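Dear colleague,

Please find below the structure that I am handing over to you. My notes on it follow.

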Amino acid sequence: MRFRNLTRRREIGANCYLLESDKNRIVLDAGMHPKEVGYDALPDFGPLPQDSADALFITHAHHDHIGALPVLMRKQPNTPVFMTEPTGEITSAMLHNSVNVMSSQREEKSITEYPLFTHRELDENRAQYVYRDLNKPFEIPNGDLTATFHDAGHIMGSAGIMIRQNGSSLFYTGDVNFENQTITRAADFPTEGIDVLVVETTRGTYERPEDYTRKGEKERLAALIRETFDANGSVLIPVFALGKTQEVMLMLHELHEEGLIPEMPLRIGGLGTKVTVLYDHYADRTRRNYPGFRLLEDVRMLVAPRRKRGPGRPQIDYQPRTIYALSSGMMTEGTTSNAFAAKFIDNPRNAVAFVGYTDPLTPGFRLRNAKAGEKIKLSPDLPAVELRARIESFDLSAHSTREQIAEYVEKVKPKKLIMVHGEEPSQAWFSARFAETLSNDTEIIRPDTHAPIDLW
């Protein structure tokens, strides 16, 4: 069995990995790079011959893990795609939204290859989606491999994947969280009998304060909301439509029920609403905190999103003493949170609360690290805006801390450790730690693009 990294470099980007043996070829994830456009945003599928894969696996439905799936399926037209049922249903919704976004970018940015796939193609692809439950092994076609999904605790439906072949095993974490979130429960991963561990390294450069507690972060957020309310301002929380929107909705409901924030309306965006419908659909059928709680029915603060009238997105109007949980979480150009912030951050009564990861090259990162009075250009087609609003950051990430991931690796003690889904400095931190904590029995690998790595 060999491993090949099909991402174009070591980073958080177009996640995609190939496993190949004499009998089988399988692909783990097929993401699109969030900072690139066109064909440059895709993984490099070069080592994977046309119509040669026996199975495709998807760990979860974030864009950097599913965005290239339709392109890959076009190259592998007879290959089943294995995932959990919630991941499959969310994947469909997210990819249909991608078609809309790419179609707009074709017009607005003259990206002629967009859209890379169509709505009709996505509808046809669903015939190849194969859903499997957590913790139940199943056979992979045409060979001697079995697979099992294990709850990754990242977002609804997310899973790590165990691959077994003739007594040898590989476990791919995907994105993982070993802590309980508001909705999502902590990962439930195996620790025994793993020969090869492929692990994410997203937060390798982040050092959490020693006195950190999730409860403390939520109370800090509540204090910011109260102070902004008292100033007759509003709070913008940039969120990912998938995962973070739903976590924030329930967190705000908790804070309101506990009397920690005042009565005030909560507004969310259109894609966030579509994903929340699916979260509610699986409220009784997924491993979560608050089983049966339906966000769109039970969050009393929520203002029903307005329906779109005419062409374009529905307008979200500014009102004082309102909470806006709008995507994207990194405030990427062209998204609702980016456009809204341009009319929001010049008001000193307002506040922006960042609750997740922002890539250094995104508008969200620039705003997060800007100084009061600085002119911020959020998008090339928008004028620079003077920052007068209050900016605060909260550690409510859906990814595990580096220490939690390191402790998991040290418990597993794999023969081979392959580090993925992290920038160079993040992987360097893990390498330095494991040089101290893992014995020579573990080979530590930072895979280059396409380089074959023998596993067993």
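**Sheet, cores and aromatic contacts**

In this predicted model, strands β11 (residues 196–200) and β19 (residues 416–420) run parallel and are joined by five bridges.

The largest nonpolar core holds 73 residues, of which Ile237, Leu252, Leu266 and Tyr279 touch the most other members. Helix α6 (residues 244–257) supplies the largest share of this core, six residues. Beyond its neighbours within four places in sequence, Leu266 is in contact with several residues, among them Met249, Leu252, Val299 and Ile323. A second, separate core has 26 residues, including Ile26, Ala159, Ile445 and Ile453.

A search of the whole structure finds 18 aromatic pairs. One of them, Phe189 with Tyr408, is tilted, at 5.8 Å centre to centre and 55° between the planes. This pair links distant parts of the chain: Phe189 lies in the loop between β10 and β11, Tyr408 lies in helix α11, and the two are 219 residues apart. Both Phe189 and Tyr408 are buried.

The pair of Tyr318 and Tyr324 is stacked, because the ring centres are 6.4 Å apart and the planes are at 20°. Tyr318 counts as partly exposed, at 31% relative accessibility, whereas Tyr324 is buried, with a relative accessible area of 0%. Elsewhere, ring pairs link Phe57, Phe82, Phe138 and Phe149 into a cluster.

Two arginines have their charged ends over rings: Arg208 over Tyr212, 3.7 Å from the ring centre, and Arg321 over Phe229, 4.1 Å from the ring centre.

Finally, Pro320 is found in the loop between α8 (295–298) and β14 (323–326). Pro320 counts as partly exposed, at 37% relative accessibility. Leaving out residues up to four places away in sequence, Pro320 touches Asn232, Gly233 and Ser234.

With kind regards

Conventions
Residues numbered from 1 in each chain as written. Predicted model: local features only at pLDDT ≥ 70, side-chain atom pairs only at ≥ 80, totals over all residues. Heavy atoms only, no water. Pairing = 2+ DSSP bridges. Helix = DSSP H or I, 4+ residues; strand = E, 2+ residues; numbered from the N terminus. Core = buried A, V, L, I, M, F, W, Y, C linked by side-chain atoms within 4.5 Å. Buried < 20%, exposed > 50% of the residue type's maximum accessible area, 1.4 Å probe, protein only. Contact = heavy atoms within 4.5 Å. Phe/Tyr/Trp six-rings, centres within 6.5 Å; stacked < 30°, edge-to-face > 60°. Lys NZ or Arg CZ within 6 Å of the ring centre and 35° of its normal.
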